[in-house]
Amino acid sequence: MTRAAALGVASALVLASCGGEPAEETVETPSPSMSPSPSSTVNVPAGVALTEVGADLAFGDTATVIFEPDQKQGTALELTVKGVEQGTLKDFSGFILDDYTKASTPYYADVKVTNVGEGEVGGAGVPLWGVDGKNTLLPAASFTTPFKRCPSEPLPKKFGPDKSFETCLVFLAPEKGTLEAVSFRPNQEFDPIQWTGEITTPKPEPKQQKKKDTKKKRDRR
């Protein structure tokens, strides 16, 4: 699947909190039609240089881009993908998962966003996508109940000039897939800016290791 075609792929997760009466909570993904798009009407302050489209960056690098969540809002942002960690479905043990989630591999991207422009873009989603092994764009999940492991939050309600924000974005690679990159791609025609690097994988739990060691000892007997 090409990146352009994948822009129409956005799955919703239905999670329910455990404990008491389980009330269904929806984990929403941003609509591609609401994605920001570059615009020459957004003023870029003197001294702020935009990152070249199509740039390949490493985790830890910063890109400066035009961000326009709607026709009334726009600014220049610095986006930094600090790193990515692979999660496990055990991280969602406090939720009831739908089939899509159960068949996915979760990834957590630590990101930093700084408003280096002149506009106010409070409340908008962080304009980053995951890219899986099939070159499919994966929207970041958003939660209606807190997910402490990786909040996957939008920008603060007020996010004007010189404001900075750090959060973690949840990307779900379908069919037990892999995450290959994090991408800034505001529309289908935009040559994406992408971050890649070594993805941290989960360490074995100590209890599980103890069980394996115990089994080996028994087998030796």
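The structure is a predicted model, in which local features need pLDDT of at least 70 and side-chain atom pairs count only at pLDDT 80 or more, whereas totals for chains, interfaces and linings use all residues. Residues are numbered from 1 along each chain as its sequence is written, and side-chain values use heavy atoms, with hydrogens and water left out.

A search of the whole structure finds 1 disulfide, the term denoting a pair of cysteine sulfur atoms within 2.5 Å. This bond is formed by Cys150 and Cys168, whose sulfur atoms are 2.0 Å apart; the torsion about the S-S bond is about -100°, so the disulfide is left-handed. The pair links distant parts of the chain, with Cys150 in the loop between β9 and β10 and Cys168, 18 residues away, in strand β10. Strands (E, at least two residues) are DSSP runs, numbered from the N terminus. Both cysteines, Cys150 and Cys168, are buried, where buried means under 20% relative accessible area, exposed over 50% and partly exposed in between (1.4 Å probe, protein chains only).

Aromatic pairs, in which the ring centres of Phe, Tyr or Trp (its six-membered ring) lie within 6.5 Å, are classed as stacked with planes under 30 degrees apart, edge-to-face over 60 and tilted for the rest. The whole structure holds 6 such pairs. In one of them, the rings of Phe92 and Phe147 have centres 4.6 Å apart and planes at 10°, so the pair is stacked.

An open sheet of 5 strands has the order β3-β12-β11-β8-β9 with mixed pairing, two strands being paired if DSSP finds at least two bridges between them. Its edge strands are β3 (56–58) and β9, each of which pairs on one side only. Within the sheet, β11 (residues 179–184) and β12 (residues 193–196) pair in the antiparallel sense over 3 bridges, and Phe184 has Ile193 in β12 as its bridge partner.

Asp110 lies in strand β7 (residues 105–115) and, at 39% relative accessibility, counts as partly exposed. Leaving aside neighbours within four places in sequence, Asp110 is in contact (heavy atoms within 4.5 Å) with Thr80, Val81, Lys82, Gly83, Thr167 and Cys168. The C-alpha atoms of Asp110 and Thr80, residues 30 apart along the chain, are separated by 8.5 Å.

Conventions
Helices (H or I, at least four residues) and strands (E, at least two) are DSSP runs, numbered from the N terminus.
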